[in-house]
Amino acid sequence: MLRDEVPQDKSSTYAGHKKVLYAKNAEGSYETVQSSGWAVEEAATLDAVEQYRLWANDAAAAVRRGEASPLMYHMYASRMDLPLLSQVSGLWAWRIRRHFKPQIFAGLSDSLLQRYADVFNIPLAELKKLPD
């Protein structure tokens with residue numbers, strides 16, 4: 001992409017900030033250029049955020065039915081999926097998947113639950129339940 005082709009669509013997802021992109025200058029060398037956003041990127045980001053909101057709502061319904069633990073809700077509410085939660089928590093994905101079961105989640109130690117709470121940046125008590 002050339003320097004003068006860098007999108008400047010004033011994306012709402014940037015909240016007034018700018019993003020640095022690399023573009024070619026007139027001499028053909030790459031340099032950094034600030035962008036205020038790109039409409040296509042904004043649409044994709046908003047679609048992804050909406051999808052996580054839907055997954056969080058589905059997870060909350062599953063928690064209320066006793067089919068899932070609050071951990072699943074908090075994962076989606078924090079815009080994470082299982083591979084990402086595994087990576088940031090340092091726990092195996094199969095182990096986290098077990099923690100989605102209410103009976104397994106209920107028996108977890110406070111130290112393990114605190115590890116999850118730290119990942120989501122929420123208090124331990126909040127991790128154990130759904131928001132009001």
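Let me begin with Tyr52 and Trp55, which lie three residues apart in helix 1 and are therefore separated by about one helical turn. The model I am describing is a predicted one. As a general point, an α-helix has 3.6 residues a turn, so residues three or four places apart point the same way. The two rings form an edge-to-face aromatic pair, at 5.2 Å centre to centre and with 90 degrees between the planes.

In total, the model has three aromatic pairs.

I turn now to the contact between the two helices. In general, two packed helices are described by the angle between their axes and the distance between the axes. Here the axes of helix 1 and helix 2 come within 8 Å and cross at roughly 170 degrees. Helix 1 is therefore roughly antiparallel to helix 2, the cut-off for that class being over 145 degrees. On the helix 1 side, the contact consists of Tyr52, Trp55, Ala56, Ala59, Ala60 and Val63; these meet Pro70, Met72, Tyr73, Tyr76 and Ala77 of helix 2. By class, the contact has eleven nonpolar residues, no polar ones and no charged ones.

How enclosed is helix 2 by the rest of the structure? Seven of its eight residues, in the stretch 70-77, are buried, so helix 2 is largely enclosed. The buried residues are Pro70, Leu71, Met72, Tyr73, His74, Met75 and Tyr76. They pack against helix 1 (39-64), helix 3 (82-89), helix 4 (93-99), helix 5 (102-106), helix 6 (110-120) and helix 7 (124-127). Just after helix 2, Arg79 adopts a positive phi of about 60 degrees.

Val63 deserves a separate comment. This residue lies in helix 1 and is buried, with a relative accessible area of 16%. Leaving aside residues up to four places away in sequence, Val63 touches Ala68, Ser69, Pro70 and Leu130. Val63 and Pro102 are 39 residues apart in sequence, and their C-alpha atoms are 8.0 Å apart in space.

Finally, the chain as a whole. What does its secondary structure come to? The protein chain has seven helices and two strands, and from the N terminus the order of elements is β-β-α-α-α-α-α-α-α. Its radius of gyration is 20 Å, well over the 14 Å that the globule rule gives for 132 residues, so the chain is more spread out than a compact globule. Along the principal axes, the C-alpha trace spans about 65 × 25 × 25 Å. Of the 132 residues, 35% count as buried. Among contacts between residues at least 6 apart in sequence, 48% join residues at least 24 apart.

Methods:
Residues numbered from 1 in each chain as written. Predicted model: local features only at pLDDT ≥ 70, side-chain atom pairs only at ≥ 80, totals over all residues. Heavy atoms only, no water. Buried < 20%, exposed > 50% of the residue type's maximum accessible area, 1.4 Å probe, protein only. Helix = DSSP H or I, 4+ residues; strand = E, 2+ residues; numbered from the N terminus. Contact = heavy atoms within 4.5 Å. Phe/Tyr/Trp six-rings, centres within 6.5 Å; stacked < 30°, edge-to-face > 60°. Axes fitted to C-alpha atoms, helices over the stretch in contact; angles between N-to-C directions. Parallel < 35°, antiparallel > 145°, perpendicular 65-115°, else oblique. Nonpolar A, V, L, I, M, F, W, Y, C, P; charged D, E, K, R; others polar. Rg over C-alpha atoms; globule rule 2.2 N^0.38 Å.
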